[in-house]
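Subject: A structure for you to look at

Hi there,

Here is the structure I promised to pass on. Have a look at it first, and then read on for what turned up in it.

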Amino acid sequence: VHSPLDTHQDHRKVHDITLSAIRRIGLSLILYRSVSTTREFVPNLQVGVDEFIDVKMKTLLLHRSQQAKVYMQKHMIEKFHTYYNIFDNSEKFYEAYMINSIVD
């Protein structure tokens, strides 16, 4: 789910609604990083996505309302997915996540 450490109000609201929906279950949330996530987002999980980066690029092209944005350019998408490549060097591209434990 989106992180509460996001500048986009809709993303924060999705997080809050999800948190409310699971509050009695005691699950952990896996928060993902987006282009609007703040610098306070510190990932503690990364998943290599070399195998899927081409599919993600093609899928992002379908998000027509965002095509004029700088962050939608191929080199920016690649940079976004290499930023947290600090845990290992087995893959070139990664998705960065934060595991947020929820205590019932």
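This is a predicted model: local features need pLDDT of at least 70, side-chain atom pairs count only at pLDDT 80 or more; totals for chains, interfaces and linings use all residues.

Before we start, one term: helices here are DSSP runs of H or I with at least four residues, and they are numbered from the N terminus.

**The chain as a whole**

The chain has 3 helices and 3 strands. Starting from the N terminus, these elements follow the order α-β-β-α-α-β. Taken along the principal axes, the C-alpha atoms fill a box of roughly 40 × 35 × 25 Å. The chain has 104 residues, and 30% of them count as buried. If you take the contacts with a separation of 6 or more, 70% are between residues 24 or more positions apart.

Let's go back to His 15. Is it buried or exposed? His 15 has a relative accessible area of 3%, and buried means under 20%, so His 15 is buried. Leaving out residues up to four places away in sequence, His 15 touches Val 1, His 2, Ser 3, Pro 4, Leu 29, Leu 31 and Asn 100.

Ser 3 is on that list, and Ser 3 itself lies in the segment before α1, which spans residues 9-22. Ser 3 counts as buried because its relative accessibility is 0%. The side chain of Ser 3 reaches the backbone nitrogen of Leu 5 at 2.8 Å. With residues up to four places away again not counted, Ser 3 touches His 11, Arg 12, His 15, Leu 31, Tyr 32 and Phe 41.

**The largest pocket**

Rolling a probe the size of a water molecule over the atoms shows where empty space is left. In this model, the largest pocket holds about 880 Å³ of space. It is lined by 27 residues, and those closest to its centre are Ser 34, Val 35, Ser 36, Tyr 71 and Phe 80. What kinds of residue make up the lining? There are 12 nonpolar, 10 polar and 5 charged ones.

Three elements each supply at least two residues of the lining: α2 (53-60), α3 (74-80) and β3 (94-100). The largest share, 4 residues, comes from α3.

Ser 36, one of the residues closest to the pocket centre, is worth a visit. You will find Ser 36 in the loop between β1 (29-32) and β2 (45-48). With a relative accessible area of 14%, Ser 36 is buried. Its side chain makes a polar contact with the side chain of Asp 6, at 2.5 Å. Apart from its neighbours within four places in sequence, Ser 36 is in contact with Leu 5, Asp 6, Thr 7, His 8 and His 11.

**Salt bridges**

Side chains of opposite charge can pair when their charged atoms come close. How many salt bridges are there? The count comes to 2.

One joins the side chains of Lys 56 and Glu 95, at 2.5 Å from N to O. This pair links distant parts of the chain, since Lys 56 is in helix α2 and Glu 95 is in strand β3, 39 residues apart. Lys 56 counts as partly exposed, at 26% relative accessibility, while Glu 95 counts as buried, at 12%.

The other joins the side chains of Lys 74 and Glu 78, at 3.8 Å from N to O. Both of these residues lie in helix α3, 4 residues apart, which is about one turn of the helix. Lys 74 is exposed, with a relative accessible area of 54%, and Glu 78 counts as partly exposed, at 24%.

**One more serine**

Finally, take a look at Ser 65, in the loop between α2 and α3. Ser 65 counts as exposed because its relative accessibility is 56%, and exposed means over 50%. The side chain of Ser 65 makes a polar contact with the side chain of Gln 66, at 3.5 Å. From C-alpha to C-alpha, Ser 65 and Ser 20 are 29 Å apart in space, and they are 45 residues apart in sequence.

Enjoy exploring!

Best wishes

Notes: Residues are numbered from 1 along each chain as its sequence is written. Side-chain values use heavy atoms; hydrogens and water are left out. On a 1 Å grid over the protein atoms alone, a cavity is a set of points where a 1.4 Å probe fits but cannot get out, and a pocket is an open set with protein on both sides within 12 Å along at least five of seven lines; lining residues have an atom within 4 Å of a point. Grid points are joined across faces, edges and corners, and a volume is the space filled by probe spheres set on the points. Ala, Val, Leu, Ile, Met, Phe, Trp, Tyr, Cys and Pro count as nonpolar, Asp, Glu, Lys and Arg as charged, and the others, Gly among them, as polar. Buried means under 20% relative accessible area, exposed over 50%, partly exposed in between (1.4 Å probe, protein chains only). A polar contact is a pair of N or O atoms within 3.5 Å; within protein, one must be able to donate a hydrogen and the other to accept it, and residues adjacent in sequence count only if both atoms are side-chain atoms. A salt bridge is a side-chain nitrogen of Lys or Arg within 4 Å of a carboxyl oxygen of Asp or Glu. Contact means heavy atoms within 4.5 Å.
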